[in-house]
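Take a look at it first, and then we'll start with the charged side chains.

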Amino acid sequence: MNITVICLGKLKENYLRDAIQEYSKRISAYGKFNIIELSPVKLPENPSDTQINSALEKEAEEILKKIPSNS
């Protein structure tokens with residue numbers, strides 16, 4: 001079994017990285033574990049609803065591109 005987690009942004013907090021390492025070790029007994037970190041779309045300081053929706057659509061497209069074909 002292959003498990004792929006796709007997320008937006010980098011995991012910066014040490015406690016989250018430690019948790020990922022621990023669960024990755026546990027999950028590895030059942031299959032391959034992979035994390036794909038994507039860069040979020042940058043928005044201006046006070047974005048409009050149109051800008052937010054556009055950014056969400058772009059992020060959704062990037063996520064869909066990264067989903068493995070056999071999923």
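E22 is partly exposed, since its relative accessible area is 32%; the label covers what falls between buried (under 20%) and exposed (over 50%), using a 1.4 Å probe and protein chains only. Before going further: this is a predicted model, where local features need pLDDT of at least 70, side-chain atom pairs count only at pLDDT 80 or more, and totals for chains, interfaces and linings use all residues. Residues are numbered from 1 along each chain as its sequence is written, and side-chain values use heavy atoms, with hydrogens and water left out.

**Salt bridges**

Side chains of opposite charge can pair when their charged atoms come close. The cut-off here is a side-chain nitrogen of Lys or Arg within 4 Å of a carboxyl oxygen of Asp or Glu, and by that rule the count comes to four salt bridges. Three of them look like this:

| Pair | N to O distance |
|---|---|
| E22 and K25 | 3.7 Å |
| R26 and E22 | 3.0 Å |
| K10 and E37 | 3.6 Å |

E22 and K25 both sit in helix α1, three residues apart, or about one turn of the helix. R26 and E22 are also both in helix α1, four residues apart, again about one turn. Salt bridges with shared partners tie E22, K25 and R26 into one network.

The K10 to E37 salt bridge, with its closest N and O atoms 3.6 Å apart, is a link between distant parts of the chain: K10 is in the loop between β1 and α1, E37 is in strand β2, and 27 residues separate them. K10 is exposed, with a relative accessible area of 56%, whereas E37 is partly exposed at 25%.

**The fold**

What is the order of the elements from the N terminus on? They run β-α-β-α, which comes to two helices and two strands; helices (H or I, at least four residues) and strands (E, at least two) are DSSP runs, numbered from the N terminus. The radius of gyration is 15 Å, well over the 11 Å from the globule rule for 71 residues, so the chain is more spread out than a compact globule. That radius is taken over C-alpha atoms, and the rule is 2.2 Å times the number of residues to the power 0.38. Along its principal axes, the C-alpha trace spans about 45 × 30 × 15 Å. Buried residues make up 11% of the 71.

Strand β1 (residues 2–8) and β2 pair in the parallel sense over seven bridges; pairing takes at least two DSSP bridges between the strands. E37 turns up here too, as the bridge partner of C7. Together, β1, helix α1 (residues 14–27) and β2 make a right-handed β-α-β unit: with the strands pointing away from the viewer, the path from the first strand over the helix to the second runs clockwise.

L43 lies in the loop between β2 (32–38) and α2 (49–66), and is partly exposed at 41% relative accessibility. E45 is in the loop between β2 and α2 as well, and is exposed at 76%. C-alpha to C-alpha, E45 and A29 are 44 Å apart in space and 16 residues apart in sequence.

In the segment after α2 we find S69, exposed at 78% relative accessibility. S69 and Y23 are 46 residues apart in sequence and 24 Å apart in space, C-alpha to C-alpha.
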